[in-house]
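Hello,

Here is the structure I promised to pass on to you.

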Amino acid sequence: MAKLDSKIPKGRLAEKWTLYKEYQKLVSPANKRKIEIIVVGTGLAGGAAAASLGEMGFKVKVFCIQDSPRRAHSIAAQGGINAAKNYPNDGDTIYRLYYDTIKGGDYRAREANTYRLAEVSNNIIDQCVAQGVPFAREYGGYLANRSFGGAQVSRTFYARGQTGQQLLLGAYGALSKEIKKGSVELYTRREMLDLVVMKDGRARGIIVRNLFTGEIERYSAHAVLIASGGYGNVFFLSTNAMTLNGGAVWQSYKRGALFANPCFVQIHPTCIPVHGDYQSKLTLMSESLRNDGRIWVPKKLEDAKKIQKGEMKGIDIPEEDRDYYLERRYPAFGNLVPRDVASRAAKERCDAGYGVGKTGLAVFLDFKDAIERLGRDVIEARYGNLFQMYEKIVDENPYEVPMRIYPAIHYTMGGLWVDYELQSNIPGLFVAGEANFSDHGANRLGASALMQGLADGYFIIPFTMQNYLADQIAVGEITTDSEEFEKVEKEVKDRIDKLMSIKGTETVDSIHKRLGHIMWDNVGMSRNKEGLEKAIEEIQALRKEFWTNVKVPGKKDGINLELEKALRVADFLELGELMARDALHREESAGGHFREEYQTEEGEAMRNDQDFMYVAAWEYTGDDKEPKLNKEKLVYEETEIKQRNYKTA
Amino acid sequence: MDLKLKIWRQASRDAKGKFVDYEVHNISSDASFLEMMDLLNEDLVEKGEEPVAFDHDCREGICGMCSLFINGRPHGPDSAITTCQLHMRKFKDGETIVIEPWRAKPFPVIKDLIVDRSAFDELIQAGGYISVSTGGVPDANAIPVSREKAELAMDAAACIGCGACVAACKNASAMLFVSAKVSQFALLPQGKIEAKERVQKMVAKMDDLGFGNCTNTYACEAECPKEISVTNIARMNREFFVAKIS
Amino acid sequence: MSNRYYSSLTKKYIMALMGLFLFTFLVVHLSINLLLVFDPTRVLFNEAAHFMGTNPFIQIFQWVLFAGFAIHIFYGVVLQIQNWIARGKGYKRKALSEESIFSKYMIYTGIVIFIFLVIHLGNFFVLKMQGRVPEFEHTANAGMEDMGLLVVNLFKNGGYVIFYVILLLIMGFHLDHAFQSAFQSIGWNHRKYTPFIKGLGHFLAIVLTAGFIIIPVIIYYR
């Protein structure tokens, strides 16, 4: 069994990071030039880390799957980034930001990691402003803040509805500067297909496929950082970008890295509903819409049926026949309950038959009252862009008819297990951003993903990686000619050859869609024992079908989009099963993980701190073998543990 | 709806390409343009043919990956959107749609509808950043920035680097792209310090890469999915002049 | 040709400044020509022409003007060739982007203007240089050339008038884009003043074109 050492430094919570930095080992400038680092991914975490490590003098190789580092999916984040600056003077502190984050995550994150995240949050804002990120400002010229779900203070910094884009372009600029300088080497259109671990157990390189030429390439380094994002695309339909995949983390898992809390997936309540089975991607609309919109479904089942058939419209339903179910169930928070609660409530109504739209899988988000109260101008100023986007996609005017929304997969809190240094249990393999599990527990608060990506990339990895690299100077240059590289490369090539040789009848997408359905129905917003057991069986059967009947046309060299997808779906077909296993074993409801068996009489989540206050870190034991569960007990030394309650203030 | 498609197919960078005709049937008018392309590709795969290669990723109009010159316009017949946000209701049943890659010397076609846009990365590497290292920066509120300037900088910073400006320009000029970056930093006090070097380096790089010259035709502004204004080009001209004479 | 000597922006700067300079020339040229319309005796016009033809400053300045034309034309052609090269393979489907129409044809309207310029110089300037202009018969101006008569005789020919009018219209299209474009190229853009510049550009294009056009037309019908 793997040994889990979280390496949390001694001392009080507020002192741990300072103490760590004081005692960590360093690499001298002359030696940095001799040390190579691989960074996989150029989003906020990967881009920021590669730039910072390059600035420090290391030789960095950075890999991205798109044609440019600027395309990474961090760019799509809209809302904002949290920091405990307390500029509005409303009582925010580092501890409060920490506490909101850990509580929002239902106490399933590691105390020291989450505290450190809050601690460095302020540095991020300073750094980004210095890089020229055009954050919103007040008339006096100082930075503006807004409030966001799950917090009682205004601590979110934003750049219109494009905060992720601006932060990513900041990191991309820093990265470009280092590329120009020659300290960072950029490899575009490369997909990591495997991790190379040496006989001594250290991660020393990766195998990638050049998506341009189809060539399989080897790259070596003294340490590897994976920042490849989340695995939400296991559901086929999600708000994730098309190329986002679980390959890098999954192959690392199969090489011995532990996978922590895979079942913790976040579902975002305000997405544009699915409109046809040809659809490949869901569009997210900012959560801020819930500030003024009221969510409802018809009270009468027959009205809902008529709407589904297209015989009736939402505006035809009189006020007394509307069920504002969030306001009814959660009087204290109303439409502003956290993401997981709002999502589940929508699913509950739709499952009971009250959903709207052709599919019955949507609820109304109505701005009628807000427009009457505030005027159309105010609503336009606040949400104009979003309304326009909605109209372009759905072809309905949300100023006149209520919007239709439905929850969708958005973010994965689970990921590779890492210690306090963001190092996995494989020495030399570091994991940052959404790809690791560390900071959000069972549920992530809004505007915290950007914070974590940049915290890891700018301020944590550059320190902790040095601590590891300090005794690696003597190793010298690492060759890619070793037998380990040989072996892993051959395995990758065999995997590709096998996929190409099946020549079956099912397209990759059709199998991916079926996997998505299994996942959404059984491992989605609410889960139960029976469904999860069924899902595991179905995924196994589907996996078998995939490996005997998938159709991958074209050649393995050159651009082959179907082969790319097939390799990713092969991973998802295994990852999905692990998610179901994790969900099955976790017999409690926490954050994004809701088990129907564990709820209160009113249908609220019931956490079991007695038995499940731990990180479930799964260990690979072989193909088609049950993975082994390792537990890292979560100890809260300076944190009061509360039940989440949104019914009464 | 049923549609006829004329799509540019080119096996590789050096291969000679040609237009190939395709038909798609029963497309929902609610489908997005790229979903229509997905269906075409799924069809081609079923038939054992090679699918059409095109760039796309986030499918929500922000990553800048999708391109396509559709019926004579970059990102197709709608304004202020990217191809992934274009919906089939903008077309008529039975219509013939001509789909071409971006055409510009610095953007060579590498397969079918995919072009190599690394020239944009090179432009940014030439100076499209503020030279600041991680750490050791002042408090974010130490330097106030007027709201007007911050908003103008944000207008320019909204660029997604898709290349529609180059594709639309009759001269394949990258002025809108370069000027947006130059403007963003020239407007902010943090970026002013190296503004002179930045504009000169970026313009020199732009010329080296073989982009055309601006003739103030403003097709770039009309086609920019983020509606970036040509006032940025004027600002860059000004910045460049000041940098040259001082 | 290459951008090694002057960057693309510098070339545009030179183009713009020369263009604006040529605008001032057109204004002067038009004001003198209009004298022919207001004064059928041609006295004022011939006096002005005489001044322009004999004043040493103007004589030197004339070469500056020629240089201005030459530079404007030279860089116009260089930039255009670079622009054609930059596109490489063109589109099958004609580009339909919304844009400033006249700007698309600047090289073509420019070429037409150049041809016009050659013919125009042939009509007047060359004759004058060769001393083939008749003497002005007005008593008070003995010894002065009758440039006005040359113009009047030319514009009694209907074919010439039509030819001039068409070419002047094409010049108008060139000017319409030119004025605001020059300001954009030298970086004079301001949210308050640019609309005014654009308006002024249209106004100047119309006034200059209309002004030049009415001269042959009025002379023809007089």
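A word on terms before the findings: two residues are in contact if their C-beta atoms, placed from the backbone, lie within 7 Å. Residues are numbered from 1 along each chain as its sequence is written, while chains are lettered from A and ligands numbered from 1 in the order in which they are written. Please keep in mind that this is a predicted model, where local features need pLDDT of at least 70, side-chain atom pairs count only at pLDDT 80 or more, and totals for chains, interfaces and linings use all residues.

**Confidence**

The predictor gives the complex an ipTM of 0.98 and a pTM of 0.96.

Chain B splits into domain 1 (3-110) and domain 2 (118-245), with bounds that come from an automatic or database domain assignment. Between them, 18 residues of domain 1 of chain B are in contact with 16 residues of domain 2 of chain B. The domain 1 side of this contact has 10 nonpolar, five polar and three charged residues. Here Ala, Val, Leu, Ile, Met, Phe, Trp, Tyr, Cys and Pro count as nonpolar, Asp, Glu, Lys and Arg as charged, and the others, Gly among them, as polar. Taken over C-alpha atoms, the centres of the two domains of chain B are 29 Å apart.

**A helix pair in chain B**

Helices (H or I, at least four residues) are DSSP runs, numbered from the N terminus. In chain B, B:Ala119, B:Glu122 and B:Leu123 in H2(B) meet B:Met202, B:Lys205, B:Met206 and B:Leu209 in H7(B). Five of the residues in this helix contact are nonpolar, none are polar and two are charged.

**How the chains meet**

Two pairs of chains are in contact, and chains A and B share the most contacts. No contact joins chain A and chain C, and their closest C-alpha atoms lie 20 Å apart. Chain C does reach chain B: 35 residues of chain C are in contact with 37 residues of chain B. On the chain C side, the elements giving two or more residues are helix H1 (8-38), helix H3 (56-87), helix H4 (101-104) and helix H7 (158-185). H3(C) provides the largest share, six residues. By class, that side of chain C divides into 11 nonpolar, 15 polar and nine charged residues.

Best wishes
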